[in-house]
2 protein chains.
Amino acid sequence: MTTKSLPQPDREEIRVESVLQALGEPVRLQIIRALADAPQGIACGDIELPVTASTRAHHLRTLREAGVLSTRTDGTRRISTLRREDLDALYPGLLTGILSAPR
Amino acid sequence: MTTKSLPQPDREEIRVESVLQALGEPVRLQIIRALADAPQGIACGDIELPVTASTRAHHLRTLREAGVLSTRTDGTRRISTLRREDLDALYPGLLTGILSAPR
């Protein structure tokens with residue numbers, strides 16, 4: 001089985017405006033919370049979200065292109081993981097602060 | 001001289017999506033950085049920004065309505081301060097992470 005990573009910015013290409021914009025949306029925050037609870041990654045379809053498949057794909061792409069998550073294909077599945085190490089290195093405290101927000 | 005505070009959400013009304021949306025914009029980040037360096041507050045016109053007065057006013061209102069800053073009128077001046085205590089209580093680490101971002 002070959003795995004392949006979808007395109008994403010390198011750590012030094014990540015911009016704080018893009019990260020904040022990507023995170024400032026309720027469904028995308030839900031995705032981030034689910035990923036934070038699954039360090040080994042989640043198949044995109046397995047995150048419970050109140051949106052259509054195409055909206056889900058759009059939100060996941062927005063988060064990936066901003067540098068918030070990584071997605072690899074694993075056979076026919078797409079597995080996403082939070083880029084916690086990169087985000088913690090760039091903006092120490094940001095992710096923890098967001099995840100501790102009242103829901 | 002009477003001072004008056006412009007309307008803003010109470011701490012418990014602040015929503016993380018709104019805060020992130022408000023912060024995810026380059027000019028508004030510039031405002032936040034200036035306010036972070038001036039705990040006593042800054043007159044709105046004194047923040048150097050590459051935008052018109054009406055755009056500046058729009059950004060300041062967006063930040064105030066999201067709960068990120070407070071504005072009081074002091075005679076004819078409007079003085080803004082970062083709501084650091086509220087944001088740190090709600091989202092510990094968020095603001096520090098954003099302010100430590102490479103510019």
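1. Is Asp86(A) buried or exposed? This is a predicted model, and in it Asp86(A) has a relative accessibility of 16%. The cut-off for buried is under 20%, so Asp86(A) counts as buried.

2. Asp86(A) has a charged partner. Its side chain meets that of Arg11(A) in a salt bridge, 2.6 Å from N to O. Arg11(A) sits in the loop between β1 (3–5) and α1 of chain A, and Asp86(A) in helix α4 (residues 84–90), so the pair ties together parts that are 75 residues apart in sequence. Arg11(A) is partly exposed, at 31% relative accessibility.

3. Other salt bridges deserve a look. In chain A, Glu65(A) pairs with Arg61(A) at 4.0 Å, N to O. Both belong to helix α3 (residues 53–66) of chain A; they are 4 residues apart, so about one helical turn separates them. Arg61(A) is partly exposed, with a relative accessible area of 39%.

4. Now chain B. Arg61(B) and Glu65(B) form a salt bridge, with their closest N and O atoms 3.9 Å apart. This pair lies in helix α3 (residues 53–66) of chain B, again separated by about one helical turn. Arg61(B) is partly exposed at 39%. Glu65(B) is exposed at 51%. Back in chain A, salt bridges that share partners join Arg11(A), Arg83(A) and Asp86(A) into one network.

5. How many residues of chain A are in contact with chain B? The count is 21, and they touch 21 residues of chain B. The two chains bury about 1500 Å² between them, 73% of it on carbon and sulfur atoms. Glu17(A), Leu20(A) and Gly24(A) supply 29% of the area that chain A buries there, more than any other three residues.

6. Between the chains there are 0 salt bridges. Polar contacts join 4 residue pairs across the interface. On the chain A side, α1 (16–23), α2 (26–36) and α5 (94–99) each give two or more residues. The largest share, 5 residues, comes from α1(A). That side divides into 12 nonpolar, 6 polar and 3 charged residues.

7. The largest nonpolar core has 60 residues. Among the members that touch the most others are Val68(A) and Val68(B). Beyond its sequence neighbours within four places, Val68(A) contacts residues including Val19(A), Leu23(A), Ile32(A) and Leu87(A).

8. Thr73(A) lies in strand β3 (residues 69–74) of chain A. Thr73(A) is buried, at 17% relative accessible area. Leaving aside neighbours within four places in sequence, its contacts are Thr2(A), Thr3(A), Lys4(A), Leu6(A) and Arg78(A).

Methods
Residues numbered from 1 in each chain as written. Chains lettered and ligands numbered in written order. Predicted model: local features only at pLDDT ≥ 70, side-chain atom pairs only at ≥ 80, totals over all residues. Heavy atoms only, no water. Contact = heavy atoms within 4.5 Å. Buried area = accessible area lost by both parts, 1.4 Å probe. Polar contact = N/O pair within 3.5 Å; in protein donor to acceptor, adjacent residues only side chain to side chain. Nonpolar A, V, L, I, M, F, W, Y, C, P; charged D, E, K, R; others polar. Core = buried A, V, L, I, M, F, W, Y, C linked by side-chain atoms within 4.5 Å. Buried < 20%, exposed > 50% of the residue type's maximum accessible area, 1.4 Å probe, protein only.
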